[in-house]
Amino acid sequence: MKRLTKATVRTALNLLFFAVIGTAILASTFMLTHDLIAQSEEAEKLKLINQVVPATLFDNELIKDTLLIPASPQLGTDRDSTAYRGRLNGQPSVVVLETIAPDGYSGKIGMIVAINQAGVITGARVVWHKETPGLGDYIDPKKDRN
């Protein structure tokens, strides 16, 4: 009986040791890569924004001039989203909204839409979707073959 208890304690200590080591490795990896991942996400978002907003419409850092928009049925969002505000000579000139088209064949389609000061849509891009590969590629510029 004593041997069984010793073996159980040894196994539990081994599991604890590996759990602590594994957690430490995961936490340190997260700490080392968190800033790089955030910079990469910001660069990708800025690249998408630059596809829908002509550079002549803003002279500010669009990615930093943001506004939190509450969930809205008009935008198709069920949680808060971000609006990116473009300014030209300090005056509002364009806004980029995160929207969701609820009527995709295979589910929702996440988009960004740019609207200039006159209320004209200057561009729209699909950010994510679950459409059938091959058939849904035409809405995603990264996969569009044309």
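This is a predicted model: local features need pLDDT of at least 70, side-chain atom pairs count only at pLDDT 80 or more; totals for chains, interfaces and linings use all residues.

1. What share of the residues of the protein count as buried? Of the 146 residues of the protein, 26% count as buried, and the protein exposes about 10,600 Å², of which carbon and sulfur atoms supply 62%.

2. On the overall layout, the protein has one helix and five strands, and from the N terminus on these elements run α-β-β-β-β-β. Among the contacts between residues at least 6 apart in sequence, 30% join residues at least 24 apart.

3. The five strands make an open sheet in the order β1-β2-β3-β4-β5, with antiparallel pairing. β1 (66–69) and β5 (121–128) stand at the edges of this sheet and have a single partner strand each, so one side of each is left without a neighbour in the sheet. With direction ignored, neighbouring strands of the sheet are turned by 25 degrees against each other on average.

4. Within the sheet, strand β3 (residues 91–104) and strand β4 (residues 107–116) run antiparallel and are joined by nine bridges; G104 stands opposite G107 in β4. Helix α1 (residues 2–52) packs on the sheet, where the helix touches β2 (81–88), β3, β4 and β5, and the direction of α1 makes about 145 degrees with that of β5.

5. The largest nonpolar core deserves a look of its own, with its 12 residues L48, I49, V52, V53, F58, L62, I63, Y84, V94, V96, I112 and A114. At least two residues of this core come from each of α1, β3 and β4, and α1 gives the most, with three residues. One of the core residues, A114, touches V52, V53, V94, V95, V96, V120, I121, T122 and G123, when residues up to four places away in sequence are not counted.

6. A last point concerns the aromatic rings, for which the count comes to one aromatic pair. This pair is formed by F17 and F18 and is edge-to-face, at 5.3 Å centre to centre and with 75 degrees between the planes.

How values were computed. Residues are numbered from 1 along each chain as its sequence is written. Side-chain values use heavy atoms; hydrogens and water are left out. Helices (H or I, at least four residues) and strands (E, at least two) are DSSP runs, numbered from the N terminus. Buried means under 20% relative accessible area, exposed over 50%, partly exposed in between (1.4 Å probe, protein chains only). Contact means heavy atoms within 4.5 Å. Accessible areas come from the Shrake-Rupley method with a 1.4 Å probe; for residues, only the protein chains shown count as cover. Rings of Phe, Tyr and Trp (its six-membered ring) pair if their centres lie within 6.5 Å; planes under 30 degrees apart count as stacked, over 60 as edge-to-face and the rest as tilted. Two strands pair if DSSP finds at least two bridges between them. Axes are lines fitted to C-alpha atoms, for helices over the stretch in contact, and angles run from 0 to 180 degrees between N-to-C directions. A nonpolar core is a set of buried Ala, Val, Leu, Ile, Met, Phe, Trp, Tyr and Cys residues joined through side-chain atoms within 4.5 Å.
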